[in-house]
Amino acid sequence: MMRGTICVVEDDLTIRLWLVRVLEDANFPVVDFDSADRALIHLGRHATGVTMILAGTHLPGIFNGTDLAQIASISWPSVTVVVTKEADSVIADVPVGTIIVSTPLKDADVLASARLAQQRDELRRNIDRQFSGKRSHDVPSSRTT
């Protein structure tokens with residue numbers, strides 16, 4: 001089973017290293033960044049290999065975690081985006097489909113998100129394979145004649 005890369009974006013080094021360890025221990029390939037700005041540079045070059053972005057809300061730089069979620073939903077809609085938030089805080093302006101997880105995170109939360117992203121990616125690839133090579137008239141129409 002091929003696994004896509006998970007992009008961890010967290011400015012707190014201790015938390016970022018913990019997230020990377022949890023994911024790598026479960027055999028997920030991981031890249032990590034301390035800002036959304038740096039993650040976006042990577043995604044601009046390698047997004048086709050990324051299945052999930054796991055980002056904190058408050059990040060240094062031009063873009064924060066919410067901005068990253070918005071950009072990703074437009075630029076790479078097949079990538080699952082998970083944004084972490086403080087337990088009592090509210091996040092506004094996140095795109096539909098963004099997964100929001102409250103901190104403090106647990107290993108099980110992180111791994112469940114990664115497995116969900118992997119399942120979504122596999123489903124999308126299966127659908128793409130199923131319909132690749134079919135011409136538009138090969139696809140059933142809802143029109144009655």
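Buried means under 20% relative accessible area, exposed over 50%, and partly exposed in between (1.4 Å probe, protein chains only). The model is predicted: local features need pLDDT of at least 70, side-chain atom pairs count only at pLDDT 80 or more, and totals for chains, interfaces and linings use all residues. Numbering runs from 1 along each chain as its sequence is written, and side-chain values use heavy atoms, without hydrogens and water.

**View 1. T51 in strand β3.** Strands are DSSP runs of E, at least two residues, and helices are runs of H or I, at least four, numbered from the N terminus. T51 is buried, at a relative accessible area of 6%. Contact means heavy atoms within 4.5 Å. Neighbours within four places in sequence aside, T51 is in contact with G4, T5, I6, V79, T80, A117 and D121.

**View 2. The span of helix α1, residues 13-25.** The expected span is 1.5 Å times one less than the number of residues. For the 13 residues of α1 this gives 18 Å, and the end C-alpha atoms are 18 Å apart, which agrees.

View 3. R16, L19, V20, V22 and L23 are the buried residues of α1. They cover an arc of only 165° around the axis, so they lie on the same side of α1. The arc is taken from the directions from the helix axis to the C-beta atoms. T14 and D25, on the other side, are exposed. The buried residues pack against β1 (5-9), β2 (30-33), β3 (50-56) and α4 (107-131).

**View 4. The ends of α1.** At the start, a side-chain oxygen of D12 comes within 3.0 Å of the backbone nitrogen of T14. N27 follows α1, with a positive phi near 70°.

Conventions
A polar contact is a pair of N or O atoms within 3.5 Å; within protein, one must be able to donate a hydrogen and the other to accept it, and residues adjacent in sequence count only if both atoms are side-chain atoms.
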